[in-house]
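Visitor: I would like to learn how to read a model like this one. Please take me through it feature by feature.

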Amino acid sequence: MANLPRTTDDRWDTGNDAGDATGDETTPPPVASEFAPQPRTRTVTEPEQEKKEPKYANVVEFVHGFFLPVIRRRISDNDGGLSWDPRWWAYPEVVARLTALHQAWEEARASDSMSAMSSWWIQHLEPHLRVILDGDTGPMANAKADRSFMGWPAMPSDPVPAAVLDAISRQNEDESRIERR
């Protein structure tokens, strides 16, 4: 049997809303009359929910502790299939995407939503994985076993003209003012 990493809290929910069939749980509650005096209820503040500590302290721990052991694909050797370079850390885009995946995974893990982890797989992992592993245009496309390929060069960029830079700065300032209102 496969040993799967835990993606839920390590503590069990000890609350049992169903009861244990003792006492007056089988007796229906009394019907309240709209004219009868209502009992005063004391407002009890619920304790603040305990914040979960991250399971993985950084992207390297996440990649080695979860990503690599769990995500398994048939990797091709430059035939247009899927590409992966064991030196994933040498590709800035791959590091950025895996960092985003790590952060979203930790958020899903800490969520109270029972569907959060499923959403992580569908909305986060799958789109990033398609790009990361794309053997034609992905960041590690053309990765070679002899490690002679170190990734694509940065895309070129001409200097931003001063007038355009000023217009962008003004737009950002205007947006900031609107948000503060």
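Visitor: Is Ser 118 buried, partly exposed or exposed, and what is its relative accessibility?

Guide: This is a predicted model, so the value is computed from predicted coordinates. Ser 118 counts as partly exposed because its relative accessibility is 40%. The residue is found in helix 3.

Visitor: How far is Ser 118 from Ala 108, C-alpha to C-alpha?

Guide: Their C-alpha atoms are separated by 8.7 Å, and the two residues are 10 apart along the chain.

Visitor: Which class does Pro 92 fall into, buried or exposed?

Guide: Exposed means over 50%. Pro 92 has 69% relative accessibility, so it counts as exposed. Pro 92 lies in helix 2. In sequence, Pro 92 and Gly 151 are 59 residues apart. In space their C-alpha atoms are 9.3 Å apart.

Visitor: What share of the contacts in the chain with a separation of 6 or more comes from residues 24 or more positions apart?

Guide: Such pairs account for 69% of them.

Visitor: Which elements does the chain have, and in what order?

Guide: There are four helices and zero strands. From the N terminus the order is α-α-α-α. Of the 181 residues, 20% count as buried.

Visitor: Which residues of helix 1 are buried?

Guide: Start with the general idea. An α-helix has 3.6 residues a turn, so residues three or four places apart point the same way. Now the case here. Helix 1 spans residues 59-70, and its buried residues are Val 59, Phe 62, Val 63, Phe 66 and Phe 67. They cover an arc of only 130° around the axis, which puts them on the same side of helix 1. Among what covers them are helix 2 (92-110) and helix 3 (116-132).

Visitor: How much space lies in the second largest pocket, and what lines it?

Guide: The general idea is a rolling probe. A probe the size of a water molecule, rolled over the atoms, shows where empty space is left. In this model the second largest pocket holds about 250 Å³. Its lining has 11 residues, and Glu 93, Pro 139, Trp 152, Pro 153 and Ala 154 lie nearest its centre. By type, the lining divides into nine nonpolar, one polar and one charged.

Visitor: What is the mean pLDDT of the chain?

Guide: The mean is 78, and 69% of the residues reach 70 or more. Over residues 4-29 the pLDDT is below 50. That stretch has 11 contacts in the model beyond near neighbours in sequence. Where pLDDT is low, the predicted coordinates should not be read in detail.

Definitions and conventions:
Residues are numbered from 1 along each chain as its sequence is written. This is a predicted model: local features need pLDDT of at least 70, side-chain atom pairs count only at pLDDT 80 or more; totals for chains, interfaces and linings use all residues. Side-chain values use heavy atoms; hydrogens and water are left out. On a 1 Å grid over the protein atoms alone, a cavity is a set of points where a 1.4 Å probe fits but cannot get out, and a pocket is an open set with protein on both sides within 12 Å along at least five of seven lines; lining residues have an atom within 4 Å of a point. Grid points are joined across faces, edges and corners, and a volume is the space filled by probe spheres set on the points. Ala, Val, Leu, Ile, Met, Phe, Trp, Tyr, Cys and Pro count as nonpolar, Asp, Glu, Lys and Arg as charged, and the others, Gly among them, as polar. pLDDT is the predictor's confidence in each residue, from 0 to 100. Contact means heavy atoms within 4.5 Å. Buried means under 20% relative accessible area, exposed over 50%, partly exposed in between (1.4 Å probe, protein chains only). Helices (H or I, at least four residues) and strands (E, at least two) are DSSP runs, numbered from the N terminus. The arc is that of the directions from the helix axis to the C-beta atoms.
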